[in-house]
Amino acid sequence: MEQLVMLAKAPFKKRTKNLPDGYKFVVFDGSEKDIADWKAIEAEPPAPLDGVDACYNNAIANYHDIDLTNDVFFIEDEKGERVATFTVITQPNGMGYLHMVKAMNSQRGKGIGHFMAQRSIEICAERGLESIILTTDDFRLPAIKTYLDAGYYPVVYGEKDNEVNTRWDKVLAELNYPEVIRYNKD
């Protein structure tokens, strides 16, 4: 099944979530340590079906348009351990793309996902971009709620009663989320 698409457009919502005390935002430097840290985060369940090495090679190292030392980020905990990662790519069309967002299971419930979703929008604004897009799966309800709260909105195709709209209706109902703006891709 095709992934759902979400979009945030300027003027962007302001960030309201900060990291927990002692945590910090860090830029990936491409070192062997950073690569190993990225793979350790991705190895957390649910791990990639193709394995973390293939995932890193396909989704990061060899991914089109990615600038490794400008687009990949970590969140470090108070001990200096990397506990989450996200990537913000500037696409050739001038749109940002939020890619490969993940936090270690032990970090859930600390607001790190909210920070990453909101920080991705800030990064796009800092780069002078007018919008940022992401893709996600219907079953990732906590992530979708986080993205909605951060200022991302569903993207639909064509008529209101199509399959993508139906899927969004179901997701929003499961989240008990009020009706939101939907951007039409057409």
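The lining of the largest pocket in this predicted model divides into 16 nonpolar, ten polar and six charged residues, where Ala, Val, Leu, Ile, Met, Phe, Trp, Tyr, Cys and Pro count as nonpolar, Asp, Glu, Lys and Arg as charged, and the others, Gly among them, as polar. A pocket is here an open set of points, on a 1 Å grid over the protein atoms alone, with protein on both sides within 12 Å along at least five of seven lines, and lining residues have an atom within 4 Å of a point. About 1,100 Å³ of space lies in this pocket, a volume being the space filled by probe spheres set on the points, which are joined across faces, edges and corners. Of its 32 lining residues, Val101, Lys102, Arg140, Ala143 and Tyr147 are the closest to the centre. The elements that give two or more residues to the lining are S5, H4, S6 and H5, and S5 gives the most, with seven residues; helices (H or I, at least four residues) and strands (E, at least two) are DSSP runs, numbered from the N terminus.

Residues are numbered from 1 along each chain as its sequence is written. Because the model is predicted, local features need pLDDT of at least 70 and side-chain atom pairs count only at pLDDT 80 or more, whereas totals for chains, interfaces and linings use all residues; side-chain values use heavy atoms, with hydrogens and water left out.

The strands are arranged in an open sheet of eight, in the order S2-S3-S4-S5-S6-S1-S7-S8, with mixed pairing; two strands pair if DSSP finds at least two bridges between them. At the edges are strand S2 (24-27) and strand S8 (183-184), each of which pairs on one side only. S2 pairs with strand S3 (residues 72-76) in the antiparallel sense over four bridges, and within this pair the bridge partner of valine 26 is phenylalanine 74. Helix H4 packs on the sheet, touching strand S1 (4-9), S2, S3, strand S4 (82-90), strand S5 (96-103) and strand S6 (131-136), where contact means heavy atoms within 4.5 Å. The direction of H4 makes about 25° with that of S4; angles run from 0 to 180 degrees between N-to-C directions, and axes are lines fitted to C-alpha atoms, for helices over the stretch in contact.

Helix H5 lies across S1, S5, S6 and strand S7 (153-156), running at about 20° to S1. Helix H5 (residues 141-150) also packs with helix H6 (residues 163-174) at an angle of about 90°, their axes being 10 Å apart. The two helices are therefore roughly perpendicular to each other, a term that covers angles of 65 to 115 degrees. In this contact, Leu141, Ile144 and Leu148 of H5 meet Trp168, Val171, Leu172 and Glu174 of H6, and these residues divide into six nonpolar, no polar and one charged.

Several backbone features occur in loops. Most residues other than glycine have a negative phi, and most peptide bonds are trans. A cis peptide bond, with omega about 0°, joins alanine 10 and proline 11, and proline 11 is found in the loop between S1 and S2. Another cis peptide bond joins proline 45 and proline 46, with omega about -5°; proline 46 lies in the loop between helix H1 (32-43) and helix H2 (52-61). Aspartate 65, in the loop between H2 and helix H3 (68-71), has a positive phi near 70°.

Note on methods. Parallel < 35°, antiparallel > 145°, perpendicular 65-115°, else oblique. 1 Å grid on protein atoms, 1.4 Å probe; cavity = no way out; pocket = protein on both sides within 12 Å on 5 of 7 lines; lining within 4 Å.
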